[in-house]
Amino acid sequence: MIGRMMAVGCCLLPLVPLSALAQTPAPAAPPLTLERAVDRFLARNLAVEAARYRVDAARAERVTAHLRPNPSLTLSAEDVKLSGPTPAGELYEVTSSLSYPIELGDKRRFRVEAADASISLAEVQLADVMRQRLTEVKRAFYDVVLARTARDHALETRRTFDTLVDFNRVRVEEGAVAEG
């Protein structure tokens, strides 16, 4: 779980504005919102793309399941002279066969039903991957927001404490408060 959170955090790191990482001011970029983070994550996430491709592959298999099997024609000749002219009368055996598979017992209908079930399964898997990944992204986003808020609060507390120390130092120097 922690490894997954670290991976999501690493994925979100490029989404953090450079001004938060560097001391020099960067050009003004729009603030990172949850919607932008989700959109960027979904556009670049390989697990989501793989799940989408599995849905597309299942739909393609459904198209294939609707097709009827192709007939096949086989021509063969045996005992043919390979050197010199070969008149047609010197061919000893010529064979041709045509086969057309006949599907009995509603095999085609069952293939289509199985393909439909595969599509449903792939779509459910896509929804599950989306749910998991979106949960991870949202959790990581709010962890970053919480960390940023905690940092801002800590900086504000430090500034307040520094002001209080400076105020008391001045009071001690003026003699308004005892040094001890």
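The expected span of a helix is 1.5 Å times one less than its number of residues; helices (H or I, at least four residues) are DSSP runs, numbered from the N terminus. This is a predicted model, in which local features need pLDDT of at least 70, side-chain atom pairs count only at pLDDT 80 or more, and totals for chains, interfaces and linings use all residues. Residues are numbered from 1 along each chain as its sequence is written, and side-chain values use heavy atoms, with hydrogens and water left out.

**View A. Helix H5 and its end.** H5 has 68 residues and spans 99 Å from first to last C-alpha, close to the expected 100 Å.

**View B. Packing of H4 on H5.** H4 (residues 46-66) and H5 (residues 107-174) have axes 8 Å apart, at an angle of about 170 degrees (lines fitted to C-alpha atoms over the stretch in contact; angles run from 0 to 180 degrees between N-to-C directions). H4 is therefore roughly antiparallel to H5 (over 145 degrees).

View C. Residues three or four places apart point the same way, because an α-helix has 3.6 residues a turn.

**View D. The aromatic pair.** One aromatic pair is counted (ring centres within 6.5 Å). The rings of phenylalanine 141 and tyrosine 142 have centres 5.5 Å apart and planes at 75 degrees, so the pair is edge-to-face (over 60 degrees). Phenylalanine 141 is buried at 10% relative accessibility, whereas tyrosine 142, at 47%, is partly exposed (between the buried limit and 50%).

Note on methods
Helices (H or I, at least four residues) and strands (E, at least two) are DSSP runs, numbered from the N terminus. Angles under 35 degrees count as roughly parallel, over 145 as roughly antiparallel, 65 to 115 as roughly perpendicular and the rest as oblique. Rings of Phe, Tyr and Trp (its six-membered ring) pair if their centres lie within 6.5 Å; planes under 30 degrees apart count as stacked, over 60 as edge-to-face and the rest as tilted. Buried means under 20% relative accessible area, exposed over 50%, partly exposed in between (1.4 Å probe, protein chains only).
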